[in-house]
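Trainee: Could we go through this model together, one question at a time, with the cut-offs stated as we meet them?

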Amino acid sequence: MAGITLEKDKRIYTVGQPMTALHMITKGKVSVEHPGGVYQLGKGDIIGVCELCSEVHFLGYITTEETVILTYPVNNTEALADLLLKHPDVARLFLLSLFRQIGLLQEQSTLSEMNSTSLHQNLMEDYEKYNSLCNLYRLPPCTSNNLEELGAFLSEDAPDEWLNAYYIGLRHLYSAAGETTKTMLREPGLSLGLLYKGSQDYRAAFSVLEEHSRYRSTVAGHYFNSSGSDLFELFSSLYLRLGQNNEDAEGLYRDLNRIIEQFENDPSLDKTKVSARIADFRSSCAKQSAPVEQAEVQKEDGMSATILQDLKDSLSAILEYADVDPECAASFRDHVQEFKELEDRNAMEDKCNRLRRQLTDEFYKVYAHCFEKSITTPYLPIPVKMFLFFGYADEELAGSANCVKLYNLACGMEDQSHFGVYTLYHWLLAIYNGDKNPSRNEFDEDFLDYIHKQKQSGNITTAQMIDMEGDPMARVTFEMENLFPQVNKMTCGRISTFCPLFSADNVLKDLNTAFVTTAQISKAFATIRSIDFSAYYRESLDLENAETMGKETIHLEFLPDIVLMPNVGIRGVMWQEIDGKKRNSPGRMFFSIFHMEDVNTTLVRLTGEFRWEMCKRIQGTRWNDVSERSLTSEYFDYVQFYRKNHELSAEAKERIRNSLQRAKNSFKEMFVRDYIIWVMFEGTGSPRLNKVARKILFTYCPFPASLAATMEQNPIYTELMSRQKVLSGQRIHRLDMLRQKLKNGNIPIPASLEKEINFTAGKI
């Protein structure tokens, strides 16, 4: 078959053209355009293979150098099946290219989600900063159009986390030249099915990128729009009004440069108009003095140089402190160097995957040695602190600017465990000191269950079991082996390309902004409790006042422990809802210490997961039995039988069907999504749930009294409010009678009784 030669910058296909053929690249490179980015195809890749499920092209293709292609007409399924049958080697190349492109798009989808979620956070922080400065200087603030209507980014169709690993596995399978591969290729139906299934999964990931792109365009419009009433105008006007010598002007100037850098070339904006406005601003700045004195710049540069000098050859300092065996140290050093030299550290080639696995295994060995050494060492060198807190290992891998920020953060790091917020290092210390129990493993076994099972299996003796029960380091080892590797990867969010080493490639926003603080966690909890005040309360007997309270139950609040994992990531993990088997104990949630998403949104999602799992824990095997009413049983019944529910309109039923499909038929995931809507929209006066879901959420996740008084004016809540008042009124009456009885008998009224009355009234 003769090849077709295409010159550089030749447009092969534009979006919307009919999909009639596949093209194999035999020489050259082609750029594939998708929403928000591009990726490259090279020799052996197939143009159009990801669009088999579509009648038209939804990707754009353009050559980036002189390229030669072979054309395979694909007019129908039969023609493609015949091609796969006659040319199994061609089928293999089709599949390998498809699997590779799916991986590339899903990787970009993960990065795009990180960008989208951080955009809203930056936007809200910028607007809040603008208003604060206006209030500080008593200037009348202007408003940005419709800013309050923009909600945080909530992806509706995030791809399954396992999907990328699935296609990596298929790629490895078809890359092999063994008899198994040849047998599979002799089955054209299998190849055809994989091609169509893969193209559908690719299209799903593409739709997610389209969703991200639309959201980013909306955010970009708040910074730059045609009317000029936007945040860039607000910031630049305020900056020029304050004057560049003002103490707050330096921060404003940095923010303006960040906005310019981020949106100057945004494809959704009119580049000509944006460039003209930026030029006008810079022209106005030129008429004033520089925003920062040169002496201060030199001082800052000098401090950075000193820090970088202190961090020179950090890996040697870490390995020397860890005192691992020379063979492991040499291997880790070689692998780190090899990792630094990679062109693309997130590539999914076999070589890169193998290197990341080796680095991951060695990282956890070195981490364990460093932690054990730190118990007996009064002083931790700064590079070791950075390694334990952030996963930092090498100054070149981290980048100079990040090194300075990590150094400063590590120097100021304090134990915040008294607030329920831990770094992983402080969490392991708490387990070592006996303040916390090790977490359950993936088989739902706690530490004591595990060692007893090991004894029963004959893996350890009775004497060894007794020794392990009293050995604090054995408890830490259990945590590091069973929880650390899994949760570190999960919170990072990039499952298929995960590497625990801190790398500048994974930093998508300023580290100081992404750094999770106790104040951020406290603020996020306060936001949730202002809408769902009972989220972390447990019903319990008042054991301290058993003689007075009898069998009257009270509600106690147990906020979960938050553990910050040493990575840069995008996910939160709700690992367990209680500590061991004790119901009245805090759960455990995990975040990346540098969280690229909005902390508030992530904690809302984890709270939804917590509510579901806690209800299942309390209800036991009857968690989905509607005869015993609970949050999970009523929600399960609602989703399972929504088609027969006469309270739902045909349109509402169709939305439920779509929602369930997006949730991959997981009732828990669907509930979590509804819970996010409940807290972030319904709780702020923006109804979005159907009446049945709203009733369930209102019953089991009620609003506090202050918010309920406001919501009562909305007709959709009137009936729900009336019902809630009757139920709470009955319980308050019973508690009041108990209080009066105690008062008449001159018995001191327990503080817990007063608190329970306030809790029942929603006045927490």
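Predicted model: local features only at pLDDT ≥ 70, side-chain atom pairs only at ≥ 80, totals over all residues.

Mentor: Residues are numbered from 1 along each chain as its sequence is written, and side-chain values use heavy atoms, with hydrogens and water left out.

Trainee: How many residues does the largest nonpolar core have?

Mentor: A nonpolar core is a set of buried Ala, Val, Leu, Ile, Met, Phe, Trp, Tyr and Cys residues joined through side-chain atoms within 4.5 Å, where buried means under 20% relative accessible area, exposed over 50% and partly exposed in between, with a 1.4 Å probe and protein chains only. In the largest one, the residues with the most contacts inside it are Y367, F390, L501 and F594. A second, separate core, which includes V32, Y61, V74 and V90, has 48 residues. The largest core has 132 residues.

Trainee: Which residues is L501 in contact with, leaving aside its neighbours within four places in sequence?

Mentor: Contact here means heavy atoms within 4.5 Å, and L501 is among the residues with the most contacts inside the largest core. With those sequence neighbours left aside, the partners of L501 are F332, V336, F339, L359, F363, G391, A393 and L397.

Trainee: How many disulfides does a search of the whole structure find?

Mentor: A disulfide is a pair of cysteine sulfur atoms within 2.5 Å. For C328, which counts as buried at 11% relative accessibility, the nearest cysteine sulfur is that of C370, 11 Å away. For C701, buried at 0%, the nearest is that of C615, 9.5 Å away. The number of disulfides found in the whole structure is zero.

Trainee: Are helix 12 and helix 19 roughly parallel or roughly antiparallel to each other?

Mentor: Helices (H or I, at least four residues) and strands (E, at least two) are DSSP runs numbered from the N terminus; axes are lines fitted to C-alpha atoms, for helices over the stretch in contact, and angles run from 0 to 180 degrees between N-to-C directions. Angles under 35 degrees count as roughly parallel, over 145 as roughly antiparallel, 65 to 115 as roughly perpendicular and the rest as oblique. The axes of helix 12 (residues 350-376) and helix 19 (residues 472-482) come within 12 Å and cross at roughly 150°, with Y367, A368, F371, E372 and I375 of helix 12 meeting M473, V476 and M480 of helix 19. The two helices are therefore roughly antiparallel.

Trainee: At what angle do helix 30 and helix 31 pack?

Mentor: Residues of helix 30 (residues 715-744), including I732, L735 and L742, meet residues of helix 31 (residues 751-760), including L753 and I757. Their axes are 9 Å apart, and helix 30 is roughly antiparallel to helix 31. The packing angle is about 165°.

Trainee: Is D323 buried or exposed?

Mentor: D323 lies in the loop between helix 10 (314-322) and helix 11 (326-340), and its phi is near 60°, a positive value in a residue other than glycine. Because its relative accessibility is 57%, D323 counts as exposed.

Trainee: Where is N665 found?

Mentor: N665 is not a glycine, although it has a positive phi of about 60°, and its relative accessible area of 57% makes it exposed. Its place is the loop between helix 26 (650-662) and helix 27 (667-680).
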